[in-house]
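Load the model in your viewer and keep the selection panel open.

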Amino acid sequence: MVYNPQYYPGATSVAANRRKHISGDLEKLREISDEDLTAILGHRAPGSDYPSTHPPLAEMGEPECSIREIVEPTPGAKAGDRVRYVQFADSMYNAPATPYFRSYFAANNFRGVDPGTLSGRQIVEARERDMEECAKVQMETEISCPALSGMRGATVHGHSVRLQEDGVMFDMLDRRRLENGTIIMDKDQVAIPLDRKVDLGKPMSEEEAAKRTTIYRVDNVPFRGDEEVVEWVHRVFDQRTTYGFQPL
Amino acid sequence: MAADIFAKFKKSMEVKFAEDYGTNQQGGSDIESKTANFLRLGPEQSPRKLEMIAAGKEIAKKRGLVGYNPMMHTGAPLGQRAITPYTLSGTDIVADPDDLHYVNNTAMQQMWDDIRRTCIVGLDMAHETLEKRLGKEVTPETINHYLETLNHAMPGGAVVQEMMVETHPALVDDCYVKIFTGDDDLADEIDKQFIININDMFPEEQAEQLKAAIGKTSWQAVHIPTVVSRCTDGGQTSRWAAMQIGMSFISAYNMCAGEAAVADLSFSAKHASLVSMGEMLPARRARSPNEPGGLSFGHLSDIIQTSRTDPEDPAHVALEVVGAGCMLYDQIWLGSYMSGGVGFTQYATAAYTDDILDNNTYYDVDYINDKYDGAANVGTDNKVKASLEVVKDIATESTLYGIETYEKFPTALEDHFGGSQRATVLAAASGVAASLATGNSNAGLSGWYLSMYLHKEAWGRLGFFGFDLQDQCGAANVLSYQGDEGLPDELRGPNYPNYAMNVGHQGGYAGIAQAAHAGRGDAFTVNPLLKICFADELLPFNFAEPRKEFGRGAIREFMPAGERSLIIPAK
């Protein structure tokens with residue numbers, strides 16, 4: 001019998017979307033060129049070589065090591081890339097992703113990634129070209145909506161702030177905005193101005209965002225309505241509590 | 001009650017987001033709208049920021065070295081969204097956000113000063129030394145004489161020795177010693193100025209509990225000068241107190257200054273009869289006694305006095321402890337002692353401003369009283385048995401209500417713009433509610449941890465990185481019998497394993513401890529001596545209303561102690 005990972009409980013669209021994010025079985029909605037991605041990440045000039053912190057592994061004469069033999073290095077590690085980051089903020093007003101599910105997505109589908117999960121942002125650190133691969137998937141697929149998700153390295157607040165009147169998530173540093181029905185970004189992750197306007201694609205409609213989101217909300221899919229998920233949380237709670245009850 | 005608090009919460013949202021503050025142009029906004037017009041007016045929209053900008057310019061000019069300049073914020077200055085005020089929960093006081101940083105708030109400073117500069121010293125052991133070893137007579141008259149001497153000496157007045165320098169009384173006028181006892185006959189004999197009268201300060205039933213707990217013992221409530229405590233540390237409190245106590249005994253009882261019995265009196269004051277507010281911390285944190293890291297949640301609950309002034313509203317009692325705890329443990333202990341900086345204020349204020357936690361808690365009170373036959377009312381025979389099923393029911397309803405409130409009121413969500421703020425509020429409400437219903441603080445802790453799990457799964461996010469460690473593993477510690485894990489909440493404190501690094505928790509834990517006992521109608525949480533010691537209206541900070549005091553500090557109406565105006569050039 002073939003094992004099919006279960007990933008996540010729940011009978012609602014939110015639970016189903018969570019399973020999709022974790023599995024990596026995602027719908028591609030838009031395209032972003034490598035040059036544009038490099039520009040908004042802001043780690044190196046578009047078209048330039050990857051800076052490295054050490055020579056390619058093949059040239060380093062590594063010691064004999066069974067672990068090194070078992071674990072195939074990622075392309076970034078092989079080449080000696082720096083460790084760099086991509087970080088997203090996702091609006092609580094039905095952005096497709098939430099921080100934990102971005103982390104589960106990254107950890108389940110990519111090697112050599114170090115996801116960090118906060119309330120208002122989610123970071124993935126990895127060797128630069130490996131990180132870019134992960135970032136590109138997030139930018140191009142249903143994980144992100146250009147209006148409700150934002151690539152932000154610093155000054156990230158916005159996830160819980162009311163939306164702007166045009167439906168775009170607030171950004172103190174105004175890195176991106178709605179122009180002619182599409183979201184453009186003209187500053188990089190840490191708001192250093194770019195020499196170009198990068199087209200991030202069309203915003204999702206309210207209906208589409210509500211359909212694709214992984215956050216429960218009382219005005220869309222209420223958490224209390226997904227009884228299987230609540231029951232599962234209770235089970236985790238029971239088990240952790242009784243596990244700690246050790247009278248010896 | 002819950003309806004009134006809900007109305008108060010809505011009013012706080014309207015004050016914050018639907019009325020103009022300074023020149024922020026927020027007037028007329030809808031507190032339930034999901035969108036807003038962000039005017040990006042910058043820091044000048046806030047009256048306090050304007051004052052600070054002017055001060056920064058003046059300072060830079062005067063000293064020839066730049067200082068405060070909000071335009072240095074990378075990318076754009078603060079104020080890209082509206083700068084809005086805070087209502088202190090349970091009050092009508094509206095404060096500027098900056099005025100809730102403890103540096104800008106004298107009431108916050110004084111609350112901590114008043115705790116740090118306090119110790120309790122038993123009198124009975126010293127009296128036994130005087131009577132049995134030296135054959136001296138101890139009577140109410142000699143005690144009164146001793147206390148008169150001590151109230152001269154404790155602030156820094158000289159006794160026994162000649163040609164001693166002394167402190168100026170006007171700089172140390174907040175320093176004094178009173179006594180309290182469970183012996184009504186003795187209390188009647190002591191000069192009224194020196195006594196904390198338990199019968200006067202507490203409701204009758206609580207007074208009986210307290211007197212039964214401390215018996216006929218007698219204790220000194222010592223408050224050394226604020227200015228001394230600020231120049232030294234909490235460990236100095238008992239040393240300063242013991243020196244003046246020893247000298248006053250010598251003087252009042254005509255002892256020989258060098259006789260061996262003095263060492264016994266000194267040992268009694270410094271060790272054997274000493275009760276500190278906080279315990280010493282281990283070397284890796286290296287703090288003396290009477291520093292916040294050693295102040296247990298039970299002790300903080302006993303220091304806060306709402307339990308005697310509003311005993312029929314246990315939710316209110318717990319909320320005042322949460323507020324005081326968040327200020328002390330988050331803003332001062334973790335925010336400054338352990339970390340440094342300004343960010344911790346934002347975490348802490350979430351728990352004591354804008355009536356958001358109050359609204360969640362009073363909703364829970366109604367829910368419990370409806371479902372569990374008045375279990376959230378004061379009493380011992382109305383409590384529901386603490387079980388995982390009860391905890392799950394109450395904490396789940398509390399958390400879901402809180403989450404849905406944030407969802408229905410986008411302004412509340414924007415007010416608590418960080419996940420750690422929301423996690424504090426949701427978990428504190430759940431924990432306090434489970435405590436109130438069961439009278440069991442560890443049931444409350446269980447509720448806290450379940451709330452964290454539910455919150456994380458509902459929104460796919462929780463707080464910052466650290467919440468995952470503390471709040472994911474915490475449930476496994478609640479009922480553990482292993483010594484360093486399963487401690488009752490009352491005896492846990494900021495240095496408890498896993499509690500030592502995370503903002504937004506410790507005030508909640510203190511409130512949970514308090515809720516269990518306030519719900520039962522207990523006169524104290526863990527230590528009756530502390531409860532009585534702080535039942536004293538002469539203290540500069542009113543420990544019965546900490547949230548109101550923080551508000552008074554914010555609007556610059558609070559008068560602190562330890563000021564140095566007397567000895568500095570007049571401005």
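Select Arg176(A) and Met185(A): in this predicted model, Met185(A), in β7(A), is the bridge partner of Arg176(A). Now show the two strands around this pair. Strand β6 of chain A covers residues 176–179 and strand β7 of chain A covers residues 182–187; four bridges join them in the antiparallel sense. Move along to Glu179(A), whose bridge partner in β7(A) is Thr182(A).

Next, select the turn of this hairpin. Two residues lie between β6(A) and β7(A), and Asn180(A) in this hairpin takes a positive phi near 55 degrees.

To find one facing pair, pick Ile183(A), which stands opposite Gly201(A) in β8(A). The hairpin of β7(A) and β8(A) has five residues between the strands, and in its turn Ala191(A) has a positive phi of about 70 degrees.

Zoom out to the sheet. Its three strands run in the order β6-β7-β8 of chain A, and the sheet is open with antiparallel pairing.

Helix α2 lies across β7 and β8 of chain A, and runs at about 120 degrees to β8(A).

For the next stop, leave this sheet and select strand β5 of chain A, residues 163–164, together with β1(B). These two strands, from chains A and B, pair in the parallel sense over two bridges. Within the pairing, Gln164(A) stands opposite Ala36(B) in β1(B).

Finally, show both chains and colour the contacting residues. How many residues of chain B are in contact with chain A? There are 48, and they meet 44 residues of chain A. On the chain B side, the elements that give two or more residues are β1 (35–36), α17 (388–408), α18 (410–415), α19 (419–438), α20 (441–459) and α22 (475–478). Colour this side of chain B by class to see 22 nonpolar, 15 polar and eleven charged residues.

Note on methods:
Residues numbered from 1 in each chain as written. Chains lettered and ligands numbered in written order. Predicted model: local features only at pLDDT ≥ 70, side-chain atom pairs only at ≥ 80, totals over all residues. Pairing = 2+ DSSP bridges. Contact = placed C-beta atoms within 7 Å. Nonpolar A, V, L, I, M, F, W, Y, C, P; charged D, E, K, R; others polar. Axes fitted to C-alpha atoms, helices over the stretch in contact; angles between N-to-C directions.
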